[in-house]
Amino acid sequence: MRRTFGRALAALGVVVVTGACATLGRQAFSPPTVTIEDVRIAGIGLQGGTLDVRLSLYNPNNYRLDASRFSYKVMMDTLTLGSGAVTQRLTVMGRDSTRVTLPVSFSIREVLAAGSTLMARGTLPYKLIGELTVATPFGEITRPFEQAGMFKSGDLNIR
């Protein structure tokens, strides 16, 4: 009976210590900062096209982060222009940044709607919404991100 009680107490201790470490690890984690640097039309045709959205990913932590998944949606005004996911592994050293390009495919319908708003107003609000999954010394963590801004008629770069 004493042996069973001792094992149960030891198992409970392991669970408590493991849970406490995970909680402290999550508190010591600062989510990466995602910033849109550039948006370029990579290609356009009769059916639609592709945008390349270039992001800067800054790691505010003192340790390396390995991003394993970027899921995202690009909104122009209230219209979803495109969405996708990048599963290419990306390493960001502590207190450093790196760049990643997200491909966004769109149809001609979205271009016409966004283009008419841009022509009428001269500006077009955009929003990048998504989730970033990173591997940390404390385990894998998924965090949402969102960035909004305004395109002016001269801001889009066409390659």
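User: Let's start inside: which residues line the largest cavity?

Analyst: Keep in mind that this is a predicted model. The cavity in question has a volume of about 60 Å³. Its lining is made up of Ile 36, Val 39, Val 53, Val 74, Met 76, Tyr 126, Lys 127, Leu 128 and Phe 151.

User: Which element gives the most to the lining of the largest cavity?

Analyst: Three strands each supply at least two residues there: β1 (33-44), β3 (65-76) and β7 (123-136). With three residues in the lining, the top contributor is β7.

User: Where does the largest share of the lining of the second largest cavity come from?

Analyst: Here the lining residues are Pro 32, Leu 57, Tyr 58, Asn 59, Leu 65, Ala 67, Val 92 and Val 134. Two elements give two or more residues to this lining, β2 (48-59) and β3. The largest share, three residues, comes from β2.

User: Which residues have the most contacts inside the largest nonpolar core?

Analyst: In soluble globular proteins, nonpolar side chains tend to be buried together. The largest nonpolar core in this model has 34 residues, and β3 provides the largest share of this core, six residues. The ones with the most contacts inside the core are Val 53, Leu 55, Phe 70 and Leu 102.

User: What does Val 53 touch, leaving out residues up to four places away in sequence?

Analyst: Val 53 is part of the lining of the largest cavity and is also among the core residues with the most contacts. Leaving out those sequence neighbours, Val 53 touches Ile 36, Asp 38, Val 39, Val 74, Val 100, Thr 101, Leu 102 and Val 104.

User: And is Gln 88 buried or exposed?

Analyst: Gln 88 sits in the loop between β4 (79-86) and β5 (90-92). Its relative accessible area is 61%, and the cut-off for exposed is over 50%. So Gln 88 is exposed.

Conventions. Residues numbered from 1 in each chain as written. Predicted model: local features only at pLDDT ≥ 70, side-chain atom pairs only at ≥ 80, totals over all residues. Heavy atoms only, no water. 1 Å grid on protein atoms, 1.4 Å probe; cavity = no way out; pocket = protein on both sides within 12 Å on 5 of 7 lines; lining within 4 Å. Points joined across faces, edges and corners; volume = space filled by probe spheres on them. Helix = DSSP H or I, 4+ residues; strand = E, 2+ residues; numbered from the N terminus. Buried < 20%, exposed > 50% of the residue type's maximum accessible area, 1.4 Å probe, protein only. Core = buried A, V, L, I, M, F, W, Y, C linked by side-chain atoms within 4.5 Å. Contact = heavy atoms within 4.5 Å.
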